[in-house]
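Hello,

Here is the structure I promised to hand over. Please have a look, then read my notes below.

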Amino acid sequence: MTSRVRTVTFDSHNPYELAGFWLQVLRTERPDDDHPGDPYASVPTESMTLLFEQNNDGKAGKNRLHLDLEPDGPRDEEVAWLLTLGATIGTDHRNPDGTGWVIMHDPEGNEFCVLRSAAERAATS
């Protein structure tokens, strides 16, 4: 028997708003049953659902789990676009030779990384 990850759940001060950020990041549509003020909001993807759950506790420290995003285009263009959506850069691990990644934060401070695209990795191997 094998299990698969169906949902990754995040605590959120404003689930609808934070899901809206991630819907843009992952370029997917909001489900019809998500509404402002609901205690949950979801972001469906082909492989799993991100679920944002109402929780008013403050973030206590570094995330022990984070998402790694692999864009289908250049990493640096994706980072620039994510900044326009409201993400911020936490730590920049990009190297002069084009390798590396960027640690970013969503609008509620959850960490995620932006990696190089498959094409960028293939070009340097």
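Which backbone oxygen lies 3.2 Å from a polar atom of the side chain of Arg75? That oxygen belongs to Gly98. Please keep in mind that this is a predicted model.

**Arg75**

Arg75 sits in helix H2. Is Arg75 buried or exposed? Its relative accessible area is 3%, so Arg75 is buried. The side chain of Arg75 also reaches the backbone oxygen of Gly100, at 2.9 Å. Take Leu115, which is 40 residues from Arg75 along the chain. The C-alpha atoms of Arg75 and Leu115 are separated by 6.3 Å.

**Salt bridges**

The count comes to 5 salt bridges. Side chains of opposite charge can pair when their charged atoms come close. One of the bridges joins Arg75 and Asp76, with N to O at 2.9 Å. Asp76 is partly exposed, at 39% relative accessible area. Asp76 also forms a salt bridge with Arg94, where the closest N and O atoms are 3.0 Å apart. That pair links distant parts of the chain. Asp76 is in helix H2, while Arg94 is in the loop between strands E5 and E6, 18 residues apart. Arg94 is partly exposed at 28% relative accessibility. A further salt bridge brings together the side chains of Asp92 and Arg94, at 2.6 Å from N to O. Asp92 is partly exposed too, with a relative accessible area of 40%. Shared partners join Arg75, Asp76, Asp92 and Arg94 into one network.

**The core**

The largest nonpolar core has 22 residues. Trp22, Leu50, Phe52, Leu82, Met104 and Phe112 touch the most other members. Several elements each supply at least two residues, including strand E1, helix H1, strand E3 and helix H2. H1 gives the largest share, 6 residues. Why does this core lie between domain 1 and domain 2? Both domain 1 (1-57) and domain 2 (64-124) give residues to it, so it lies between them. Now look at Leu82. Leaving out residues up to four places away in sequence, Leu82 touches Val25, Ala87, Met104, Phe112 and Val114.

**Strand E1**

Side chains alternate along E1. Val8, Phe10 and Ser12 point to one face and are buried. E1 runs parallel to E3, and 6 bridges join the two. Thr9 has Leu51 in E3 as its bridge partner.

Best wishes

Technical notes:
Residues are numbered from 1 along each chain as its sequence is written. This is a predicted model: local features need pLDDT of at least 70, side-chain atom pairs count only at pLDDT 80 or more; totals for chains, interfaces and linings use all residues. Side-chain values use heavy atoms; hydrogens and water are left out. A nonpolar core is a set of buried Ala, Val, Leu, Ile, Met, Phe, Trp, Tyr and Cys residues joined through side-chain atoms within 4.5 Å. Buried means under 20% relative accessible area, exposed over 50%, partly exposed in between (1.4 Å probe, protein chains only). Helices (H or I, at least four residues) and strands (E, at least two) are DSSP runs, numbered from the N terminus. Domain bounds come from an automatic or database domain assignment. Contact means heavy atoms within 4.5 Å. A polar contact is a pair of N or O atoms within 3.5 Å; within protein, one must be able to donate a hydrogen and the other to accept it, and residues adjacent in sequence count only if both atoms are side-chain atoms. Two strands pair if DSSP finds at least two bridges between them. A salt bridge is a side-chain nitrogen of Lys or Arg within 4 Å of a carboxyl oxygen of Asp or Glu.
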